[in-house]
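The points below are numbered and may be read in order alongside the model.

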Amino acid sequence: MKKTLLLLCAAGCMAACANRSSREAEMDKFVNRLMSQMTLEEKIGQLHLPTVGFDVTGPRMSGAVEQKIKDGQIGGVFNIYTPAAVRKLQEMAVTQTRLHIPLLFGYDVIHGHRTIYPIPLGLSATWDTELIQRIAAAVADEATADGLHWTFSPMVDIARDPRWGRVSEGAGEDPYLGAEIAKACVRGYEQGDLSKQNTLLSCIKHFALYGAAEAGRDYNTTDMSRLRMYNEYLPPYKAAVEAGASSIMTSFNEIDGVPATGNRWLLTDLLRRQWGFKGFVVTDYTAIAEMENHGVGDRARVAELAANAGADMDMVSEYFIDELPALVKAGRVKETTINDACRRILEAKYKLGLFDDPYRGITEERAAAQIMNAGKLALSKEAAVKSFVLLKNDRQTLPLDASKKIAFIGPLVKDQRNLIGNWSAAGDWQQAVSLWSALENKFAKNQSAKNAFLYAKGCNLIDDDALRDKLNRNGGEITPDSRSPQQLLAEAVQTARRADVVVAVLGEPFGMSGEAASRTDICLPAQQLALLKALKETGKPVVLALMNGRPLTLTWEHDHLDAILETWYAGTRAGDALADVLFGDANPSGKITMTFPRHVGQIPIYYNHKNTGRPFNDNEKYTSKYLDASNDPLYPFGHGLSYTQFTYSAVQLSDSTLTDGGSITASVTLTNSGSRAGEEVVQLYIRDKVGSITRPVKELKGFQKAALQPGESREITFMLTTEDLKFYNANLHWTAEPGEFWVFVGGDSATENKATFTLK
Ligand code: BGC
């Protein structure tokens with residue numbers, strides 16, 4: 001039986017491979033024929049990606065762009081969608097150009113297209129790769145119905161510095177979790193088959209090391225050893241390449257003194273030769289032009305550097321179309337380099353089926369059926385619920401008792417604008433459900449509960465005029481209240497006094513995270529903290545529900561408040577999800593994927609650090625520590641509570657030795673020892689005790705989500721093989737070294753629940 005199955009599988013695989021290679025052969029034939037008719041200028045035209053806006057009348061572009069499309073000088077455009085606008089522009093490309101080559105339509109579809117899901121940092125807090133893959137597929141469904149082919153997502157940059165605003169766009173600080181999430185996104189967007197009309201070409205970004213910008217300041221320099229790169233920063237990009245990502249975007253930063261966009265080691269030696277990447281490389285926005293500012297050459301030189309490094313497509317700079325023809329003629333860029341780049345872009349278009357149907361089946365009907373349909377809205381709520389992290393919950397302050405008088409206080413209680421966060425694509429914040437309207441809905445039939453809800457705004461989201469102006473220049477829409485800060489505060493305190501419990505809904509306006517939104521301090525804005533202090537003084541229990549895009553320093557909040565729930569920017573259904581979690585109709589199960597520091601001065605702070613020669617010891621002066629604060633984070637990577645409690649047995653290993661090529665299992669019995677059903681993210685870490693190079697104090701190597709009823713116990717088993725113990729050694733060889741290992745299993749990265757084994 002097994003043998004027949006194996007034979008059938010083998011036959012199936014062979015047929016699939018044969019199909020694939022015959023499809024590839026057809027593609028080669030098609031692209032060869034097409035390229036044989038193309039002039040050098042037309043090939044270079046395929047490498048040009050400008051941005052084009054649109055409105056109800058269709059694409060909005062200058063005459064120059066229109067002429068360039070007609071002249072075959074543009075390979076794709078971005079920032080335009082809707083079936084009507086896309087159709088209009090595509091029609092121009094396929095009917096009015098000499099070779100009728102369709103355009104590629106890209107867009108930053110980062111955490112939803114029109115239906116918005118939690119920001120990526122929030123999604124990563126679900127630790128649910130199956131859910132993330134489902135979301136990516138739903139996003140692709142919606143975005144393709146709206147005319148798009150290509151998303152500039154996922155961002156897989158490892159980020160250890162929460163001052164950097166773009167931590168909101170990624171999966172946090174861990175290479176293993178980051179790699180798992182990167183794969184899930186690529187699989188969800190591309191479905192392994194771009195010929196299906198509801199799949200999106202993915203784009204891994206930003207290659208590479210963008211998350212390591214010095215001082216957390218966006219676009220800043222990066223500099224790191226190859227060891228750190230290979231072991232800690234590169235794994236998610238590599239995993240996404242292996243999962244079949246079709247494109248990759250260069251980053252703005254330099255690496256080893258050479259901007260990534262012109263870095264041949266990065267784009268050719270590593271990406272293509274070592275990793276075997278077959279897709280195409282697009283630069284980030286004006287990144288080629290910015291190489292002039294980096295100081296590595298003039299217009300012609302930086303275009304030459306980028307092309308020769310391995311950048312295929314120029315986003316916005318226009319340096320490729322302007323400079324490459326002369327560079328080729330002068331022999332500074334080989335024609336074969338242009339051919340390779342052009343071929344890769346034409347191949348992507350071929351795989352998307354654009355030469356068969358340049359419109360990929362878009363119709364108004366399909367858009368109406370797919371955009372913000374009930375399934376997607378339900379998925380948005382499910383994701384929001386699962387992304388919430390209960391950071392603290394003393395004396396079971398949460399969930400709330402609806403029979404009590406509850407004061408909802410804060411500028412985000414009734415807010416819609418901020419819920420969909422930054423990079424919210426075509427999301428319409430006016431469709432987002434605020435907490436207040438979710439409460440009205442939820443308790444529509446429970447008049448007495450509704451009557452017991454009190455509200456006060458309490459403070460402005462931002463009181464700093466200069467900061468508010470900056471945020472408003474980029475769509476912040478923050479209007480200061482007509483009442484004075486003192487009046488707002490007094491009203492909030494009076495409201496809190498009338499209640500049994502206070503829920504303060506506070507955080508960062510969405511523009512305070514994302515691109516170009518670095519902060520030197522990562523605390524709550526001053527007037528929000530003052531509000532919390534005044535609420536605390538009423539003596540009422542205070543719950544803080546946070547909306548923000550990065551880890552914040554919450555030391556005062558942790559020390560004085562009763563419960564803290566991190567909700568990120570949770571998307572279109574944020575309010576509904578929050579209402580369910582606050583009242584216990586859903587149990588939070590998220591775990592943070594970035595360490596929350598106690599103090600900004602601890603940054604960069606991450607769980608998988610090295611031990612040093614003088615590890616922390618508060619009783620010894622000459623150890624690695626601060627005088628004025630402990631080394632510990634406020635909340636460690638992987639932390640997150642539940643309304644129930646989980647207990648872990650000691651770790652059991654199937655063997656105390658692991659032989660090369662073999663495997664062992666590590667198991668714990670997980671028990672839901674509380675009184676509610678709940679889900680726990682069980683995490684496995686290892687520590688390589690002695691290595692030829694120093695090894696981190698802990699490294700995540702596995703995780704599982706387990707849903708348990710009250711009183712239920714379950715054995716959770718992980719398999720470990722030599723592969724899990726490997727790292728890049730000083731010669732950059734991927735290797736596992738014999739010796740002793742600790743294996744930890746627990747509910748966060750601070751767990752000390754461990755067992756020991758030896759690799760022979
Ligand atoms: C960002 C990219 C984004 C691109 C296109 C850049 O400024 O760094 O992440 O994909 O713009 O909008």
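Predicted model: local features only at pLDDT ≥ 70, side-chain atom pairs only at ≥ 80, totals over all residues.

1. Domain bounds, as used here, come from an automatic or database domain assignment. For this protein the assignment gives domain 1 as residues 75-367, domain 2 as 389-602 and domain 3 as 646-759.

2. How far apart do the C-alpha centres of domain 1 and domain 3 lie? The separation of these centres is 34 Å. The two domains do meet: 13 residues of domain 1 are in contact with 14 residues of domain 3. Together, domain 1 and domain 3 bury about 1,200 Å² between them, and 71% of that area is on carbon and sulfur atoms.

3. The interface of domain 1 and domain 3 has 0 salt bridges by the rule applied. Polar contacts are present, with a count of 3 residue pairs between the two domains, both residues being at pLDDT 80 or more. On the side of domain 1 that touches domain 3, helix H7 (175-190) and helix H8 (226-233) each supply at least two residues. The largest share of that side comes from H8, with 4 residues. By class, this side of domain 1 is made up of 5 nonpolar, 3 polar and 5 charged residues.

4. Which residues are closest to the ligand? Of the 13 residues that surround the ligand, the closest are Asp 108, Arg 166, Lys 205, His 206 and Asp 284. For His 206, a polar side-chain atom lies 2.7 Å from an oxygen atom of the ligand. Asp 284 likewise places a polar side-chain atom 2.6 Å from a ligand oxygen. In the side chain of Glu 515, an N or O atom is 2.9 Å from an oxygen atom of the ligand.

5. Salt bridges in the structure number 47. One of them joins Arg 134 and Glu 382, whose closest N and O atoms are 3.0 Å apart. This pair links distant parts of the chain, as Arg 134 is in helix H6 (residues 129-145) and Glu 382 is in helix H16 (residues 374-387), 248 residues apart. In general, side chains of opposite charge can pair when their charged atoms come close.

6. Some backbone geometry deserves attention when the model is inspected. Most residues other than glycine have a negative phi, and most peptide bonds are trans. A cis peptide bond, however, joins Ser 153 and Pro 154, with omega about 5°. Pro 154 sits in the loop between strand E6 (150-151) and H7. Leu 398 and Pro 399 are also joined by a cis peptide bond, here with omega about -5°. The place of Pro 399 is the loop between strand E13 (389-393) and strand E14 (406-409). Asn 79, a residue other than glycine, has a positive phi, near 80°. Asn 79 is found in the loop between strand E4 (76-78) and helix H4 (83-96).

7. Where is Arg 98 placed, and what does its side chain reach? Arg 98 is in the loop between H4 and strand E5 (104-107). Setting aside neighbours within four places in sequence, Arg 98 is in contact with Gln 37, Met 38, Thr 39 and Glu 42. The side chain of Arg 98 reaches the backbone oxygen of Gln 37 at 2.6 Å, while the C-alpha atoms of these two residues are separated by 9.9 Å. Along the chain, Arg 98 and Gln 37 are 61 residues apart. A polar contact of 2.8 Å also connects the side chain of Arg 98 with the side chain of Glu 42.

Definitions and conventions. Residues numbered from 1 in each chain as written. Heavy atoms only, no water. Contact = heavy atoms within 4.5 Å. Buried area = accessible area lost by both parts, 1.4 Å probe. Salt bridge = Lys/Arg side-chain N within 4 Å of Asp/Glu carboxyl O. Polar contact = N/O pair within 3.5 Å; in protein donor to acceptor, adjacent residues only side chain to side chain. Nonpolar A, V, L, I, M, F, W, Y, C, P; charged D, E, K, R; others polar. Near = heavy atom within 4 Å.
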